[in-house]
Amino acid sequence: MFLKKKIKTIDTELNELSQLLFLDEKGSFPKQEVLLSIPNDYLIDSLKLIDHYLEAIREANELEENYHSLVLRVGAYVGEVIKINSKKEYHWYDFKTAKKLQPSMKDWEEQIGTAAILYSAETDEMTFPINKVCKFIENGSEDSLFSYAKVMI
């Protein structure tokens, strides 16, 4: 008899990463006081405030030094908002595991935006919250995190 190997999620790690967004009181990110005033409640409306925060630091061109850390933490938070509020069951997977789950990714290269992926086995749907944060920073509010999450939920 063959036992099917369970695919390991990184749900706990990404949930913890999302919480770090609001726990950094040392001021690692630009306009940290604005970020700390946003409710850490995983409600979709909190993403409107995240949109405003990112737009403010984007316009002020204050993202260089801690770009990767901010993108990963905000992306994890956005993904957790989707996971918690969606009727679909999503799980976080690392890039290599996601490539195994989704053969259409076979030629993709790992980058910050694909470091962690949300996947719903019931719908075979994959989404990239971290990459969406990268796009917001690049393009501005036309890539609203609030709108993205609303569509995904």
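This note walks through the predicted model point by point, from the overall fold down to single residues.

1. **Ground rules.** This is a predicted model, in which local features need pLDDT of at least 70 and side-chain atom pairs count only at pLDDT 80 or more, while totals for chains, interfaces and linings use all residues. Residues are numbered from 1 along each chain as its sequence is written, and side-chain values use heavy atoms, with hydrogens and water left out.

2. **Overall make-up.** You will find 7 helices and 3 strands in the protein. These elements are DSSP runs, numbered from the N terminus: helices are H or I with at least four residues, and strands are E with at least two. Along the sequence the pattern reads α-α-α-α-β-α-β-β-α-α. The radius of gyration is 16 Å, close to the 15 Å that the globule rule gives for 153 residues, so the protein is as compact as a globular protein of that length. Here the radius is taken over C-alpha atoms, and the rule is 2.2 Å times the number of residues to the power 0.38. The C-alpha trace spans about 60 × 30 × 30 Å along its principal axes.

3. **Surface and contacts.** Of the 153 residues, 46% count as buried. Buried means under 20% relative accessible area, exposed means over 50%, and partly exposed lies in between (1.4 Å probe, protein chains only). Among contacts (heavy atoms within 4.5 Å) between residues at least 6 apart in sequence, 63% join residues at least 24 apart.

4. The 3 strands form an open sheet in the order 1-2-3, with antiparallel pairing. Strand 1 (91-94) and strand 3 (125-127) are the edge strands, each pairing on one side only. Two strands pair if DSSP finds at least two bridges between them; strand 2 (residues 116-120) and strand 3 are joined by 3 bridges. On average, neighbouring strands of this sheet are turned by 35° against each other, direction ignored. Helix 4 (residues 67-85) packs on the sheet and touches strand 1 and strand 2, its direction making about 145° with that of strand 1. For such values, axes are lines fitted to C-alpha atoms, for helices over the stretch in contact, and angles run from 0 to 180 degrees between N-to-C directions.

5. **Serine 120.** This residue belongs to strand 2 and stands opposite glutamate 125 in strand 3. Serine 120 is buried, with a relative accessible area of 0%. Leaving aside neighbours within four places in sequence, its contacts are Lys88, Glu89, Tyr90 and Glu125.

6. **Helix 3 against helix 7.** Helix 3 (residues 46-59) packs with helix 7 (residues 145-152) at an angle of about 150°, their axes 7 Å apart. The two helices are therefore roughly antiparallel to each other. Angles under 35 degrees count as roughly parallel, over 145 as roughly antiparallel, 65 to 115 as roughly perpendicular and the rest as oblique. At this meeting, Leu47, Lys48, Ile50, Asp51 and Leu54 in helix 3 touch Leu145, Phe146 and Ala149 in helix 7.

7. **Isoleucine 50.** Within helix 3, isoleucine 50 is buried, with a relative accessible area of 0%. Not counting residues up to four places away in sequence, isoleucine 50 touches Leu21, Phe22, Leu35, Ile38, Val74 and Leu145. Its C-alpha atom is separated by 10 Å from that of valine 133, 83 residues apart along the chain.

8. **Valine 151.** In helix 7, valine 151 counts as exposed, at 69% relative accessibility. Valine 151 and threonine 123 are 28 residues apart in sequence and 15 Å apart in space, C-alpha to C-alpha.

9. **Two backbone angles to look at.** Lysine 31 has a positive phi of about 50° although it is not a glycine. Lysine 31 sits in the loop between helix 1 (11-20) and helix 2 (32-36) and is partly exposed, with a relative accessible area of 31%. For tyrosine 42, phi is near 60°, a positive value in a residue other than glycine. Tyrosine 42 is in the loop between helix 2 and helix 3 and counts as buried at 12% relative accessibility.
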